[in-house]
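Have the model open as you read along.

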Amino acid sequence: MKLYNHSQAPNPRRVRIFMAEKGISLPMEEVDLMAGKNRTPEFLAKNPSGGLPVLELDDGGCIAESVAICRYLEGQHPEPNLMGRNPREQAEIEMWNRRMELELFGSIGQTICNTHPMFKERLRQFPEYGEAQRAVVQQRLERMEKELAGRQFVAGDRYTIADITALVAIDIAGRMANITIPPALANLNRWHQAVSSRPSAKA
């Protein structure tokens, strides 16, 4: 197998962290997004949307989308478990991961795409919408503060894919949208420090 990767993009990082938590090592091929290498006919044959990451299987088949790749790897390497061991746990972890994707990661992405200079020549930007999404992100961080008051991790008492999604989202927000966790959000800062200190966070 081989993972098509971009070292600075958030979604490939989600898969790299997931792999690191499980001790999985795969060959990686860097795809230069800025040079448009994800839009070549060869790459689009692997993933018609042009997105990264993509996991190429030994038989030549390809799996795109971060969570789909993680689910495949979870099936191949069940432990340490990151997506749930029984139907209820799987559903609860999926619920929290989707919340982090839709309510946090999505708004961060819209903030970046509509306000960051890097995208000015690549997308039609709507700065006012981007700033409105920035406010949505801040509100979601405040909700996370309350949610983490009674538990150690996003989905409960152990580290899961939901923590990976939230960590990657918050880190890219700081790097590209100047959105940081306010010092007053003690529970969220405690969580972020804990997950950032895991060796996998450097993947």
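What follows looks at salt bridges and their surroundings.

This is a predicted model, in which local features need pLDDT of at least 70, side-chain atom pairs count only at pLDDT 80 or more, and totals for chains, interfaces and linings use all residues. Residues are numbered from 1 along each chain as its sequence is written, and side-chain values use heavy atoms, with hydrogens and water left out.

The structure holds 16 salt bridges (a side-chain nitrogen of Lys or Arg within 4 Å of a carboxyl oxygen of Asp or Glu). Among them are these pairs:

| Pair | Closest N to O distance |
|---|---|
| Glutamate 101 and arginine 14 | 2.7 Å |
| Arginine 71 and glutamate 94 | 3.6 Å |

Let us begin with glutamate 101, which forms a salt bridge with arginine 14. This pair links distant parts of the chain, 87 residues apart: glutamate 101 sits in helix 4 (residues 87-115) and arginine 14 in helix 1 (residues 10-22). Helices here are DSSP runs (H or I, at least four residues), numbered from the N terminus. Glutamate 101 is buried at 15% relative accessibility, and arginine 14 is buried at 6% (buried means under 20% relative accessible area, exposed over 50%, partly exposed in between, with a 1.4 Å probe and protein chains only).

Next comes the salt bridge of arginine 71 with glutamate 94. Because arginine 71 lies in helix 3 (residues 66-76) and glutamate 94 in helix 4, the pair ties together parts 23 residues apart in sequence. Arginine 71 is partly exposed at 43%, and glutamate 94 is partly exposed at 29%.

Finally, Glu103, Arg140, Arg143 and Glu147 are joined in a network of salt bridges.

Methods
Helices (H or I, at least four residues) and strands (E, at least two) are DSSP runs, numbered from the N terminus.
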